[in-house]
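Subject: The structure I promised you

Hi,

Here is the structure we talked about. Have a look at it first, then read on for what turned up.

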Amino acid sequence: MSYQSSPTKDFADDVEWCDEHWPELEFRSPEDEAWYAVEVSEICDALLIRFNGFTCDYDEFYPSDEFKNSDEIQEFEERFRACSLQMQDTECPTVTEGTKVCATFPSVTGDVKFYDAIVVTVERTKHERDEEGNEVCGCNFKVFWKQGPWVNQVTSAKVGDICLRAEDNRMNPKVVSFFKEARRKLLGEACLQGEETEWQKILKKVSSAIENNLSLSSLPENHG
Ligand SMILES: [Zn+2]
């Protein structure tokens, strides 16, 4: 069944069929400020966030009408982006000084949590081959942490600890439509009132300009 042939469906209902064309999402959880691969769905103007690899006990539910101001909306919006991808051994040459990554550092608790970091140096070693002939990167990447428990510190990472930031940064339409709805709910009426006020101001200016013009033309000429 093709939804493409149904032009009457609106965009929000129509995104289902083209899901695969959108980059996977990652979400920075307010809980621990780490990045997680997630799936989102919109339910009754709320956004349901499912964490990949976690049970539904970890699901988070955000109603679109619970933002107090537009800063809160923007702050929450910045928690979504296209999912970073596990760095492959063969991608090593593309990772250099200044490459932005999303990486993990072994923690004492054994948690694997990903935070943003930037590569500061790469100690390169000659890549070996495994039994199957696959290239194996053993290089040492020094990363400077921009987030997380090691923020502002430099630690070492291996290829397996590093995810590369997505190149395709298009935002999933479900997320876009959720934020549109949140903004509409927060600002909808304020905007409308604002526009009326602005329009009223213009009307006042127009009428006072007309009055001035009339009184000017009725005044005797000062010069000449
Ligand atoms: Zn390497």
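How many helices and strands are there in the chain? There are 3 helices and 13 strands, where helices (H or I, at least four residues) and strands (E, at least two) are DSSP runs, numbered from the N terminus.

Two things before you dig in. This is a predicted model, so local features need a pLDDT of at least 70 and side-chain atom pairs count only at pLDDT 80 or more, while totals for chains, interfaces and linings use all residues. Residues are numbered from 1 along each chain as its sequence is written.

About that pLDDT: it is the predictor's confidence in each residue, from 0 to 100. The chain averages 84, and 81% of the residues score at least 70. Take care with residues 1–17, though, as pLDDT stays under 50 there. For that stretch the model has 10 contacts beyond four places in sequence; two residues are in contact if their C-beta atoms, placed from the backbone, lie within 7 Å. Among contacts in the chain between residues at least 6 apart in sequence, 57% join residues at least 24 apart.

Now the inside. A residue is buried if 20 or more other C-beta atoms lie within 10 Å of its own, exposed if 12 or fewer, and partly exposed in between, with C-beta atoms placed from the backbone. Of the 224 residues of the chain, 16% count as buried.

A nonpolar core is a set of buried Ala, Val, Leu, Ile, Met, Phe, Trp, Tyr and Cys residues joined through C-beta atoms within 7 Å. The largest one here has 26 residues, and A103, Y115 and I162 touch the most other members. The elements that give two or more residues to this core include β1 (25–28), β7 (100–104), β8 (114–123) and α3 (173–218). At least three of its residues come from each of domain 1 (3–81 + 169–186) and domain 2 (84–164); those bounds come from an automatic or database domain assignment. Leaving out residues up to four places away in sequence, A103 touches F114, Y115, A117, V143, A157, D161, I162 and C163.

Strands pair if DSSP finds at least two bridges between them. β1 runs antiparallel to β2, joined by 4 bridges, and R28 has W35 as its bridge partner in β2. These two strands form a hairpin with 6 residues between them, and E33 in the turn has a positive phi of about 65 degrees. β1 also pairs with β5 (residues 80–82), again in the antiparallel sense, over 3 bridges; there L25 has A82 as its bridge partner.

Where else can you find a positive phi in a residue other than glycine? C44 has one, near 45 degrees, and sits in the loop between β2 and β3. N152, not a glycine either, has a positive phi of about 70 degrees and lies in the loop between β11 and β12 (154–157).

Are these two buried or exposed? C44 is exposed because it has 7 other C-beta atoms within 10 Å, and N152 counts as exposed because it has 8 C-beta neighbours inside 10 Å.

One last stop is P106, in the loop between β7 and β8. P106 is exposed, since 11 other C-beta atoms lie within 10 Å. P106 and A157 are 51 residues apart in sequence and 9.4 Å apart in space, C-alpha to C-alpha.

Cheers
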